[in-house]
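Trainee: I have a new structure to read. Can we go through the labels and what stands behind them?

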Amino acid sequence: MATAAAPCILVVEDGQSEREALVRVLKLEGYRVVAAGSPERAIEFINEPVDLVVSDLRLGKQSAIDLLKRWQHDRAQTPFILMTAYGDVDSAVTAMKLGAEDFLTKPVEPRQLLGLINMSLKKRRSTSASPVDAPRGGRPIFDKIIGNSRVMADVCDQAWRAAQTDSTVLILGESGTGKELFAEAIQANSPRADGPFVLVNMAAIPETLVESELFGHVKGAFTSASQNRVGRFEAAHNGTIFIDEIGDFPLSLQAKLLRVLENHTVTPVGSNHERTVDVRVVAATSRNLHRMMTAGQFREDLFYRLNVVTIHLPALRDRKDDIPSLVHLFLHEFTTSVGRQPISVSPELMQTLESLDWPGNVRQLRNCLESMIVMARGDTLTPADLPANVYAKARLGDAEFADVGGATIDSLKRAAMLRALEHFHGNRTRAAEYLGISVRTLQRKLKEWNLNVAGEQEPSDAQR
């Protein structure tokens with residue numbers, strides 16, 4: 001029998017017999033139930049204490065999509081479950097991207113529906129005290145990941161769904177796109193949230209120490225092994241291990257990593273005894289693993305073992321709408337940490353920040369803002385406060401090279417070097433840093449073109 005504390009479910013179904021049948025099933029399970037036959041009637045319950053919505057996707061000639069959008073706007077924490085005919089599955093997937101909890105195809109099996117409702121309500125209770133980002137459909141613990149663009153909403157949705165399973169996840173993206181943040185969010189949203197989260201950065205571990213670092217070693221296994229050591233996999237038991245820069249994993253040890261992923265056992269260096277580990281693996285890289293496989297630098301079988309669920313993180317240049325949100329976050333973060341009064345950003349500076357490509361992605365933007373705040377003289381940041389290399393990039397933008405009809409690659413390189421040298425008053429080190437080349441390369445090209453530091457052509461031997 002229902003009690004006053006029982007969860008309340010709103011059923012939205014335009015067919016009277018189907019609506020009444022759903023209401024009976026839910027009431028028999030002890031739920032409080034309210035019902036609506038149209039989106040307009042359902043909206044009337046939006047300020048009522050409804051804990052979950054079950055709605056047909058097709059409501060007469062209307063769709064439940066607009067109802068979902070309204071519910072997400074006003075009640076993002078309330079799970080929204082859709083029922084749909086087989087032919088509308090694509091629309092249901094679209095609805096899930098907009099924040100729907102899940103969908104069931106008709107005819108709905110009552111036990112399946114009740115199981116989904118029970119799981120959704122448990123998830124809602126367990127995260128009710130956690131920060132919720134409404135634009136991402138109420139997905140919890142993604143508050144560190146800033147961005148309301150559609151591409152970021154899709155990526156967060158993929159990460160949240162991956163988190164609900166124990167599948168291995170491979171996160172791909174350029175350096176500075178936030179791969180570690182997503183790995184942490186996957187762990188925090190997973191059933192392993194209370195377990196350890198162990199980070200391993202392969203680029204920072206010497207090749208000779210990788211095996212011991214990951215799988216551990218026993219005393220006497222090698223000269224400096226004065227005691228037993230627990231490896232990172234064992235340390236992550238019942239939790240998640242995040243292997244960053246998996247593309248740098250030594251080829252000679254990839255077979256051993258593959259065995260761990262397949263058998264869930266590790267063998268410490270110097271030991272003959274396997275140890276069972278219960279670990280969820282999340283790996284990430286900024287390298288092209290397909291190209292590495294073709295070159296024989298990465299095992300295909302290991303790639304396919306890691307590539308169960310793949311999440312591609314967008315570069316910052318592909319989500320420039322998120323730059324203002326990131327800027328304001330970093331401004332607040334840095335001014336608070338250094339005890340400064342709030343600092344604002346001029347419209348001109350914001351426009352400049354949004355126009356740049358940010359090859360270092362969010363990390364580069366963050367470092368840029370930190371530098372500006374530390375060096376700021378006033379309470380408003382302007383383009384003049386940009387670090388020298390970023391300022392040069394803004395001034396020497398693509399617009400300066402818009403008219404390149406008939407130009408050769410060599411002449412464009414020469415023009416870029418001359419402009420960089422001019423901007424940095426002949427300073428070859430800063431010009432090379434801006435151009436992304438070594439000073440030696442810059443000097444070699446200047447000599448090849450018979451140019452001095454200021455960009456004036458030096459007389460050739462024949463002219464002397």
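This is a predicted model: local features need pLDDT of at least 70, side-chain atom pairs count only at pLDDT 80 or more; totals for chains, interfaces and linings use all residues.

Mentor: Residues are numbered from 1 along each chain as its sequence is written, and side-chain values use heavy atoms, with hydrogens and water left out.

Trainee: Where is Thr177 placed?

Mentor: Thr177 lies in the loop between strand 10 (169–172) and helix 7 (179–188). Helices (H or I, at least four residues) and strands (E, at least two) are DSSP runs, numbered from the N terminus.

Trainee: Why is Thr177 called buried?

Mentor: Its relative accessible area is 7%. Buried means under 20%, exposed over 50%, partly exposed in between (1.4 Å probe, protein chains only). So Thr177 counts as buried.

Trainee: What does Thr177 touch?

Mentor: Thr177 touches Leu313, Pro314, Ala315 and Asn361, leaving aside residues up to four places away in sequence. Contact means heavy atoms within 4.5 Å. The Thr177 side chain also reaches the backbone oxygen of Glu174 at 2.7 Å.

Trainee: What makes Glu44 and Arg41 a salt bridge?

Mentor: Their side chains meet at 2.5 Å, N to O. A salt bridge needs a side-chain nitrogen of Lys or Arg within 4 Å of a carboxyl oxygen of Asp or Glu. The pair therefore qualifies. The structure holds 19 salt bridges.

Trainee: Are Glu44 and Arg41 exposed or partly exposed?

Mentor: Glu44 has 51% relative accessible area, so Glu44 is exposed. Arg41 has 35%, so Arg41 is partly exposed.

Trainee: How do you know that Arg70 and Asp74 are separated by about one helical turn?

Mentor: Both sit in helix 3 (residues 65–74), and they are four residues apart. Arg70 and Asp74 form a salt bridge too, with the closest N and O atoms 2.9 Å apart. Arg70, at 39%, is partly exposed. Asp74, at 35%, is also partly exposed.

Trainee: What makes Glu211 and Lys256 a link between distant parts of the chain?

Mentor: First, the bridge: the closest N and O atoms of Glu211 and Lys256 are 2.6 Å apart. Glu211 is in helix 8 (residues 210–215) and Lys256 in helix 10 (residues 254–263), 45 residues apart. Glu211 is partly exposed at 25%, and Lys256 is partly exposed at 24%.

Trainee: Which residues do salt bridges join into one network?

Mentor: Asp166, Arg192 and Asp278, through salt bridges that share partners.

How values were computed: A polar contact is a pair of N or O atoms within 3.5 Å; within protein, one must be able to donate a hydrogen and the other to accept it, and residues adjacent in sequence count only if both atoms are side-chain atoms.
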